[in-house]
Amino acid sequence: MESSLAFHDGNIYDFLQSRYLDVRPDVNSSLHMHSSLVRRLSQEKELEGHQGCVNAIAWNSTGTLMISGSDDTRINIWSYSGRSLLHSIETGHCANIFCTKFIPETSDELVVSGAGDAEVRLFNLSRLNGRGEEDNAITPSAMYQCHTRRVKKLAVEIGNPNMVWSASEDGTLRQHDFREGTSCPPAGSSHQECRNVLLDLRSGAKRSLADPPRQTLALKSCDISTTRPHLLLVGGSDAFARLYDRRMLPPLTSSQKRMSPPPCVNYFCPMHLSDRGRSSLHLTHVAFSPDGDEVLLSYSGEHVYLMDVNCAGGSAMHYTSGDVSQLMSFSPVLGGAELHKPTSDVFPKYLSKRRNAARLDKCRKLVQLAQRSLEEGTNYYYGIELCNEVLDGYGHDIGLALKHECLCTRAGLLLKRKWKNDANMAVRDCYNARRIDSSSFRAHNYMSEALSQLGKHKEALDFARAAQCLAPSSSEVAERVESIKKDLAEERNNKGNDGAPRSEPRGGRVLSLSDILYRAEANSDASQDGPRSEREDSDYDEELELDFETSISGDEDHDAEPNVLHGSLNLRIHRKSDSARENGGANGLCGSPSSSSHNERHQPEAVIDMKQRYLGHCNVGTDIKQASFLGQRGEYVASGSDDGRWFIWEKRTGRLIKMLHGDEAVVNCVQCHPSDCVVATSGIDNTIKIWTPSASVPSIVAGGAAGPETSDFLVAMEGNQRRLCRNREAILCRPFEILERFRMHEFTEGSLRPFECAQS
């Protein structure tokens with residue numbers, strides 16, 4: 001595999017030689033995370049000092065110190081040069097620490113933490129006396145208790161020593177100014193009037209692109225651009241990341257009145273995830289690239305996706321809800337959204353003819369190899385990688401005819417591999433191929449197969465018939481047409497006379513989890529929230545806000561199949577009426593913008609589509625799993641995984657570069673050193689691993705192992721794909737045996753978190 005595909009960052013020896021001639025200041029940054037170094041990464045050191053899962057790690061601006069936060073409620077400060085523990089601070093938090101940061105421009109003396117107890121605490125390290133664990137008692141310099149649910153992420157602004165921003169599952173993002181006050185009363189107090197809410201998204205979550213925002217957006221992550229610090233990125237309990245300009249936001253408010261969500265600069269979401277309407281789909285991490293021009297989104301139960309920030313109106317990467325349906329609808333003449341930026345049919349003028357010919361010849365050979373993989377039915381992954389190399393690595397250098405052939409070949413390989421969302425990616429390729437050649441038999445044929453795999457039989461039949469017209473003598477297409485007709489007939493038979501599936505109750509509504517858990521309390525809830533007729537227009541009021549999380553105990557038998565729902569199941573349940581009482585007092589949803597008139601005025605926004613996806617890992621077990629850019633220029637993308645590994649991909653092509661074993665259970669955090677080729681990772685283990693390019697042999701898999709590797713990483717990736725599709729379904733398909741015990745559980749009246757386990 002590696003012999004066929006070169007790395008796009010060039011030869012490291014050429015870079016070293018170019019430093020004598022090249023005056024560009026970014027030559028050294030190109031060497032920060034070079035492919036030749038990344039492929040030699042191996043574990044150098046394991047840092048011990050925590051007594052629980054390490055949920056957060058971060059470097060200071062110079063890379064001389066690292067900070068970590070853990071389930072043991074301690075903050076540890078580590079020396080980079082000595083690879084040793086300097087300070088261990090007992091924070092006073094009464095729940096897991098999920099985020100911690102150094103405050104910029106404070107000589108690394110101020111650090112801040114956020115935890116599951118809904119508190120944000122500031123500490124001054126200059127007050128410490130001893131070293132290691134001797135100085136475990138320190139009084140916070142500031143303590144903010146205004147959040148009502150877990151604080152999952154903190155953000156700081158380069159050059160600003162006075163502020164920190166906190167994102168919480170209560171749906172608010174707050175701005176804490178150290179100059180204005182050092183404490184605030186706990187949430188729910190009669191005199192709690194903190195006016196520090198920068199973003200009120202308690203009515204900001206969307207089920208799908210076409211739906212108006214109505215639910216609470218439980219924030220999971222936030223980030224501030226280092227190059228344009230007025231830009232703020234947030235992600236939470238729906239599929240859409242949001243970009244805000246802090247200069248355009250309304251003044252800070254208190255949380256006494258629920259506000260309408262402010263307009264954002266951009267929404268980000270892969271097109272195939274925008275209309276799923278799945279309450280379980282949510283983001284676990286969002287991040288800006290080092291140059292601020294791209295964002296990275298990591299989804300629970302999904303892949304990692306890359307998006308462009310600078311997409312002006314009418315750009316090729318924008319789409320609306322109409323484009324989503326048009327993508328899968330047959331029309332002889334294509335229009336609508338472009339899913340990829342257009343490429344020229346001629347090579348760039350600055351390339352020599354000889355170089356053009358060499359690149360074109362290379363691309364043709366790669367496409368021929370990919371076509372061979374499709375025809376022989378072997379190593380689909382390798383064939384897809386070859387097509388990715390042509391389209392993402394040389395897409396602007398090839399002609400339309402070769403691009404069309406490559407798109408169709410990749411679509412066929414994706415449909416054969418059948419990993420999660422491969423059918424959706426095949427739809428994209430077929431759409432783009434049809435834009436090049438509207439009479440392409442392969443594009444219509446593969447589009448029909450992709451839509452069939454997605455269960456869209458009516459649309460699949462339209463494309464199958466079009467393919468049959470293009471190739472009347474094809475027995476394969478004729479068989480597909482008949483097969484799709486049978487699927488359509490079966491689909492109609494499975495529906496009742498009113499068009500609803502026969503498995504639904506006669507009333508037309510599937511019993512929700514609230515029917516299972518709070519059936520006895522339904523009447524009292526209805527009396528509190530108003531007449532039933534006023535609530536029937538919203539399906540959200542009837543449901544619980546539910547978050548499944550699995551964690552792995554350190555005492556498990558790891559000989560069993562790893563990380564498949566063994567260990568503990570974390571289930572957090574609260575009624576919508578509880579969150580209403582939190583924010584609206586006795587009047588319920590005081591000031592809620594979710595009125596019918598507001599919904600009637602709602603116009604679906606345009607969304608920025610994916611630029612690249614990164615797959616192979618599994619993100620189901622925890623909701624703090626990060627996806628990070630590696631290198632000063634962000635040339636690589638890394639993410640932890642539920643199988644105890646962490647993965648590194650080439651950003652440009654999505655190609656897997658390295659796979660390393662970093663934890664006995666789950667890797668959650670991956671943070672690159674600001675200037676050295678060093679990466680720190682953490683997860684369920686009590687330790688932090690430090691990775692350096694110290695392996696003697698370059699390799700895709702861990703430890704610089706020599707010899708055949710393809711089977712090793714393919715087995716791991718295929719296993720993760722199975723877990724990705726199975727774990728959450730395994731929880732949902734056994735609701736009664738799991739939830740019956742919770743239905744019988746006595747919740748304290750007015751409790752905001754009636755059931756909550758320790759692990760994230």
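In this predicted model, helices α6 and α7 pack against each other at an angle of about 150 degrees, and their axes lie 9 Å apart. An angle over 145 degrees counts as roughly antiparallel, so that is the label for α6 relative to α7. As for handedness, the α6 and α7 crossing is left-handed.

Who's doing the touching? On the α6 side, the contact residues are Tyr380, Tyr381, Gly383, Ile384, Cys387, Asn388, Val390, Leu391 and Asp392. From α7 come Lys403, Cys406, Leu407, Thr409, Arg410, Leu413, Leu414, Lys416 and Arg417. Sorted by class, the α6 contact with α7 has ten nonpolar, three polar and five charged residues.

Now for the strands. Four of them form an open sheet in the order β1-β32-β31-β30, and the pairing is antiparallel. β1 and β30 sit at the edges with a single partner strand each, so one side of each has no neighbour in the sheet. Going from one strand to the next, the twist averages 25 degrees.

| Element | Residues |
|---|---|
| Helix α6 | residues 380-393 |
| Helix α7 | residues 400-417 |
| Strand β1 | residues 42-48 |
| Strand β30 | residues 667-672 |

Technical notes:
Residues are numbered from 1 along each chain as its sequence is written. This is a predicted model: local features need pLDDT of at least 70, side-chain atom pairs count only at pLDDT 80 or more; totals for chains, interfaces and linings use all residues. Side-chain values use heavy atoms; hydrogens and water are left out. Two strands pair if DSSP finds at least two bridges between them. Helices (H or I, at least four residues) and strands (E, at least two) are DSSP runs, numbered from the N terminus. Axes are lines fitted to C-alpha atoms, for helices over the stretch in contact, and angles run from 0 to 180 degrees between N-to-C directions. Angles under 35 degrees count as roughly parallel, over 145 as roughly antiparallel, 65 to 115 as roughly perpendicular and the rest as oblique. A crossing is left-handed if the near helix is turned anticlockwise from the far one by less than a right angle, and right-handed if clockwise. Contact means heavy atoms within 4.5 Å. Ala, Val, Leu, Ile, Met, Phe, Trp, Tyr, Cys and Pro count as nonpolar, Asp, Glu, Lys and Arg as charged, and the others, Gly among them, as polar.
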